[in-house]
Amino acid sequence: DIGRSRYNSRWIRQAYGENALKQIKDKPTICSGSTIGEAIAIEAYLRAMVQQFPDTHCTSVGCDQGFHNYLYYFDKLQMKEIKDIVVVE
């Protein structure tokens, strides 16, 4: 779970605050290093990920993992270019 990992919880807390962490602390961590999809969907995903740096000002090593989980769990990837999101455990 995100809240059980000191790293993942720190990245969420630094980027989005304690309230965001509380909302997703019991959710499983989704690895940002294993993201695949059609080119148009990956481009939309990458644009959302890159936008998190200026939006959150989080520059710690690993913040991308926090961004990835935040975007997924807070439904920020619901856009026309991304038709389906499948998480494999």
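Visitor: What percentage of the 89 residues of the chain count as buried?
Guide: This is a predicted model. Buried here means under 20% relative accessible area. Of the 89 residues in the chain, the share that passes is 37%.

Visitor: Which pattern does the chain follow when read along the sequence?
Guide: The chain has zero strands. It has four helices. Read in order, the pattern is α-α-α-α.

Visitor: What is the radius of gyration of the chain, and what does the globule rule give for 89 residues?
Guide: The C-alpha trace spans about 35 × 30 × 20 Å along its principal axes. The radius of gyration is close to the globule-rule value, so the chain is as compact as a globular protein of that length. The chain gives 12 Å, and the rule gives 12 Å.

Visitor: Among contacts between residues at least 6 apart in sequence, what percentage join residues at least 24 apart?
Guide: Contact means heavy atoms within 4.5 Å. Among contacts in the chain between residues at least 6 apart, the share joining residues at least 24 apart is 63%.

Visitor: How many residues has the largest nonpolar core?
Guide: Residues with the most contacts inside this core include Ile2, Ile12, Tyr16 and Phe67. Helices α1, α2, α3 and α4 each supply at least two of its residues. In soluble globular proteins, nonpolar side chains tend to be buried together. The size of the largest core here is 22 residues.

Visitor: Which residues does Ile12 touch, not counting residues up to four places away in sequence?
Guide: Ile12 is one of the core residues with the most contacts inside the core. Ile12 is also among the buried residues of α1. Its partners, with residues up to four places away left out, are Ile2, Gly17, Ala20, Leu21, Ile24, Gly66, Asn69 and Tyr70.

Visitor: Within what arc do the buried residues of α1 fall?
Guide: The buried residues of α1 are Asn8, Ser9, Trp11, Ile12, Ala15 and Tyr16. They line one face of the helix, because, seen down the axis of α1, they fall within an arc of 160°.

Visitor: Which helices do the buried residues of α1 pack against?
Guide: Helix α1 covers 6-16. Gly17 follows α1, with a positive phi near 95°. The buried residues of α1 pack against α2, α3 and α4.

Visitor: How many aromatic pairs are there, and what kind of pair do Tyr16 and Phe67 form?
Guide: The count comes to six aromatic pairs. The ring centres of Tyr16 and Phe67 are 6.3 Å apart. Planes over 60 degrees apart count as edge-to-face. The planes of Tyr16 and Phe67 stand at 75°, so this pair is edge-to-face.

Visitor: How many residues apart in sequence are the parts that Tyr16 and Phe67 tie together?
Guide: Both Tyr16 and Phe67 are buried. Tyr16 lies in helix α1 and Phe67 in helix α4, so the pair ties together parts that are 51 residues apart.

Visitor: Phe53 and Phe67: how far apart are the centres of their rings?
Guide: Phe53 lies in helix α3 and Phe67 in helix α4, so the pair ties together parts 14 residues apart in sequence. Phe53 is partly exposed at 38% relative accessible area, whereas Phe67 is buried at 0%. The planes stand at 85°, so the pair is edge-to-face, and the centres are 4.9 Å apart.

Visitor: Where does a polar side-chain atom of Gln65 lie 2.7 Å from a backbone oxygen?
Guide: Gln65 is found in helix α4. Gln65 is buried, with a relative accessible area of 12%. Residues that Gln65 touches include Asn8, Trp11 and Ile30. The backbone oxygen at 2.7 Å belongs to Ile30.

Note on methods:
Residues are numbered from 1 along each chain as its sequence is written. This is a predicted model: local features need pLDDT of at least 70, side-chain atom pairs count only at pLDDT 80 or more; totals for chains, interfaces and linings use all residues. Side-chain values use heavy atoms; hydrogens and water are left out. A nonpolar core is a set of buried Ala, Val, Leu, Ile, Met, Phe, Trp, Tyr and Cys residues joined through side-chain atoms within 4.5 Å. Buried means under 20% relative accessible area, exposed over 50%, partly exposed in between (1.4 Å probe, protein chains only). Rings of Phe, Tyr and Trp (its six-membered ring) pair if their centres lie within 6.5 Å; planes under 30 degrees apart count as stacked, over 60 as edge-to-face and the rest as tilted. A polar contact is a pair of N or O atoms within 3.5 Å; within protein, one must be able to donate a hydrogen and the other to accept it, and residues adjacent in sequence count only if both atoms are side-chain atoms. The arc is that of the directions from the helix axis to the C-beta atoms. The radius of gyration is taken over C-alpha atoms; the globule rule is 2.2 Å times the number of residues to the power 0.38.
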